[in-house]
Each structure stands twice: as C-alpha cells, then as structure tokens.
Amino acid sequence: MLNYQTGHTTPWWNDDFKKLNYTRYKLTNDYDVKRWRSEGYNNITFGGSTCNMTQKLPNDSDKFLELFNWDDCAISYYCMLTNDILPLHQDQYPGYIKRNNIKDTSVLHKAVVFLEDWKSGHYFEMDNDAIINWKAGDWISWDYDTPHMAANIGTEPRYTLQITGHK
C-alpha cells in the first residue's frame, strides 16, 4: 500500500516564485545529518532554501491553501540549487507542531507541488519510488512519516511549493 498520493492541478501561477527572498536554514535534525555523513554524504549542502508565509509571497499563493482538505495549512516555496541534496529522511515538523499545538503527529500531511516542468538532474523519491518527468502542477502528498528524498544535481534551480496541514 502506498503512503502517498499523486495528482495534478492546472498551474495558475507565474514565475514570481523565482524572485523571492529564499533563506537557507540550518537543519535542526542532527540525527539525520550525522547518519548521512556516516553513509558517505560528505562535502554536500543538505537541503535547500525556503520562503515561507512569514515573508511576502506572490499574490496568488493563497490558492495553494485550498488544494487539500486539511486544517491549518501552511505553505513555503522551496528552491534547491545545483548540488543541494536532502537524503532519505522523514519530516519532523517542529515549528508546525508547536504553532498548531499538535499532540498526535499521525494527523499530519505534507505535499509538494512542482512549480515547473522537470529538468535533467532534478530528483524526488517517495517511499522508494523515483519521481521524475513531472509537469508543472503535478503534486505528491504523503502521510506524516513517509520516507522521502530530494536532490538537484542538474544545472538549473529546482522550485517546488510545500504544503503542510493536518486532518
């Protein structure tokens, strides 16, 4: 049984997401970083850069909040530059859990919307399934603890939008 779903929404957005003020935050999950290093991921830039709802977002961003029937949805734009890699992990959601007083993490859900068509070197893996050749507007959503990874070993930035919510 798959722990994720896929779908498509007709893109309504323009390229304003490319002009956002993306910030690279330090990963807070030291356990994963230590594990990745022990697995040979050395001299790697883990993760990507984020622009979230605390910053000015494109005017049409609120439409993403309506894609799923989840409560307390939060969105963030995500940019992975060349050599940005996020090896296999499970999301932790510390800020979201705290802001929304979540007691049972099994109610959490996450989705990624691909903002542009797939480009060579862009990669996503969900629950051991490789996801490539996506089109702008394709999305994937998953249960809170589903293992996944993402990477950009291509030459162009990889842009997605992340949605977190709960049922």
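Helices (H or I, at least four residues) and strands (E, at least two) are DSSP runs, numbered from the N terminus. The model here is predicted, so to speak with care: local features need pLDDT of at least 70, side-chain atom pairs count only at pLDDT 80 or more, and totals for chains, interfaces and linings use all residues. Residues are numbered from 1 along each chain as its sequence is written, and side-chain values use heavy atoms, with hydrogens and water left out.

Start with the whole chain. The protein chain holds two helices and 11 strands, and reading along the sequence gives the pattern β-α-β-β-β-β-α-β-β-β-β-β-β. Its radius of gyration (taken over C-alpha atoms) is 15 Å, which agrees with the value near 15 Å for a compact globule of 167 residues; that rule is 2.2 Å times the number of residues to the power 0.38. Along the principal axes, the C-alpha trace spans about 40 × 40 × 35 Å. As for contacts (heavy atoms within 4.5 Å), take those with a separation of 6 or more: 78% of them join residues 24 or more positions apart.

Now for what is covered up. Buried means under 20% relative accessible area, exposed over 50%, and partly exposed in between (1.4 Å probe, protein chains only). By that cut-off, 46% of the 167 residues are buried.

Aspartate 72 sits in strand β4. This residue has a positive phi of about 50° although it is not a glycine, and its relative accessibility of 45% makes it partly exposed. Tyrosine 93 also has a positive phi, about 60°, without being a glycine. Tyrosine 93 belongs to the loop between β5 (84-89) and α2 (94-99), and it counts as buried because its relative accessibility is 9%.

Proline 58 is found in the loop between β3 and β4 (71-80). With a relative accessible area of 11%, proline 58 is buried. Leaving aside residues up to four places away in sequence, proline 58 touches Asp16, Phe17, Leu20 and Tyr77. Its C-alpha atom is 8.6 Å from that of tryptophan 13, a residue 45 places away along the chain.

Asparagine 52 lies in strand β3 (residues 49-52). Its side chain makes a polar contact of 2.5 Å with the side chain of threonine 54; such a contact is a pair of N or O atoms within 3.5 Å, where, within protein, one must be able to donate a hydrogen and the other to accept it, and residues adjacent in sequence count only if both atoms are side-chain atoms. Beyond four places in sequence, asparagine 52 touches Tyr25, Leu57, Ile75 and Ser76.
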